[in-house]
Amino acid sequence: MTRKFLAWVALALCPALSLAQSSYPNRSIRIIVPFAPGGASDFVGRIMQPRLAELLGQQIVIENRGGANGSIGMEAAAKSAPDGYTLVLGNVGCVAINPTVYANLSINNLRDFVPVTQVVDVPGVLIVHPSVPANSVKELIAYVKANPGKLNYASPGSGSQNRLEMEILRTVEGGMDMVHVPYKGGAGPAVTGLVAGETQMMFSTVSSAMGNINGGRLKALAVTSGKRLEQLPNVPTMRESGYPDGASGSWQGVLVPAGTPREIVDRLYAVLVQTMRTPDVIERLAKGGAEAVTSASPKAFTEFVATETQRWGKVAKESGAVAD
């Protein structure tokens, strides 16, 4: 066989590889944000959008697909063509927690996606409606216990990390008789409901709550980060409030459908890392309470996702959290 013929055979057998090497991307790319506008994922996605579009030389379209704590958007992404033109910005809830909380998911996140890289870590904050007469975690717990069954707490969904953080606090304290009110679409609608007085308290990502905290529409009692935040210097940590196990962060990362060519995954990884290292992106994220964090490699992020799925799955089972 001639060398030319062998080259033709290789090209015929590997069209995706040829595409990845020669012309990707040659049209617009969509990023599915599996939550409604206004939440932490939407906030991060729209900050990433301009720089990522610049680096790839193509339009980036944000598509919000909220519902079932991100499961609807994740399913849409998993069933998309594995060609690099559909990305999903998943978080710890829809990627690592949902598989335990939702019994009938049609997808398997560890099988149906290729993780590309983590992009941010977002600390949480315990917030209450201004009508709640509590200015610390301990005062809030005392108020809840004095009013059994009368108070509601919000969450972005049954399988959200924010819901599990509240369940952990209830388990530690005992006697916190409250009603869970899950909101469809993510943290944005849940925080809006809290501001409106439909609920009295919740754990939220800082980026979803910062504007309302600064505007006096919500009170922040404690943050879940390991140390106080520069943006909220007067708000203590959960550890300072007497809860040594109350530190946690809500990570977000980019994934693509399983079967996406390795060359495209590597290309996306490179531009995402470059995006998250852009000073303007870092600054804008920080103002909203998010920290730009990237993985050492797609393989490292894949291992991280597997570990987090096991970790939060255990927490979900122990807390008894189920889909409402």
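Biologist: Why is G193 called buried?

Modeller: Buried means under 20% relative accessible area, exposed over 50%, and partly exposed in between (1.4 Å probe, protein chains only). G193 has a relative accessible area of 2%, so G193 counts as buried.

Biologist: What kind of model is this?

Modeller: It is a predicted model: local features need pLDDT of at least 70, side-chain atom pairs count only at pLDDT 80 or more, and totals for chains, interfaces and linings use all residues. Residues are numbered from 1 along each chain as its sequence is written, and side-chain values use heavy atoms, with hydrogens and water left out.

Biologist: Which element holds G193?

Modeller: G193 is found in helix α9. Helices (H or I, at least four residues) and strands (E, at least two) are DSSP runs, numbered from the N terminus. Helix α9 covers residues 187–195. Its buried residues are A187, G188, A190, V191, G193 and L194. They pack against β4, β5 (152–155), β7 (201–205) and α10 (206–214). Just after α9, G197 takes a positive phi of about 85°.

Biologist: Which residues is G193 in contact with, leaving aside its neighbours within four places in sequence?

Modeller: Contact means heavy atoms within 4.5 Å. By that rule, G193 is in contact with Y183, E198 and T199.

Biologist: What makes the chain as compact as a globular protein of its length?

Modeller: First, the chain has 13 helices and ten strands. Its radius of gyration is 21 Å, close to the 20 Å that the globule rule gives for 324 residues, so the chain is as compact as a globular protein of that length. The radius is taken over C-alpha atoms, and the rule is 2.2 Å times the number of residues to the power 0.38. Buried residues make up 54% of the 324 residues.

Biologist: How do you know that β9 is mostly covered?

Modeller: Count its residues. Strand β9 spans residues 249–257, and eight of its nine residues are buried.

Biologist: What makes β3 and β9 a pair?

Modeller: Two strands pair if DSSP finds at least two bridges between them. Strand β3 (residues 86–91) and β9 have four bridges, in the antiparallel sense, so they meet the rule. Strand β4 (residues 113–128) also runs antiparallel to β9, with nine bridges joining them. G253 in β9 is the bridge partner of G90. Q118 also stands opposite G253.

Biologist: Why is a space called a cavity?

Modeller: On a 1 Å grid over the protein atoms alone, a cavity is a set of points where a 1.4 Å probe fits but cannot get out; lining residues have an atom within 4 Å of a point. Grid points are joined across faces, edges and corners, and a volume is the space filled by probe spheres set on the points. The whole structure has two cavities of 30 Å³ or more. Of its 18 lining residues, the closest to its centre are F35, N91, P156, N162 and A187.

Biologist: How many residues in the lining of the largest cavity are polar?

Modeller: Ala, Val, Leu, Ile, Met, Phe, Trp, Tyr, Cys and Pro count as nonpolar, Asp, Glu, Lys and Arg as charged, and the others, Gly among them, as polar. The lining has five nonpolar, twelve polar and one charged residues.

Note on methods. 1 Å grid on protein atoms, 1.4 Å probe; cavity = no way out; pocket = protein on both sides within 12 Å on 5 of 7 lines; lining within 4 Å.
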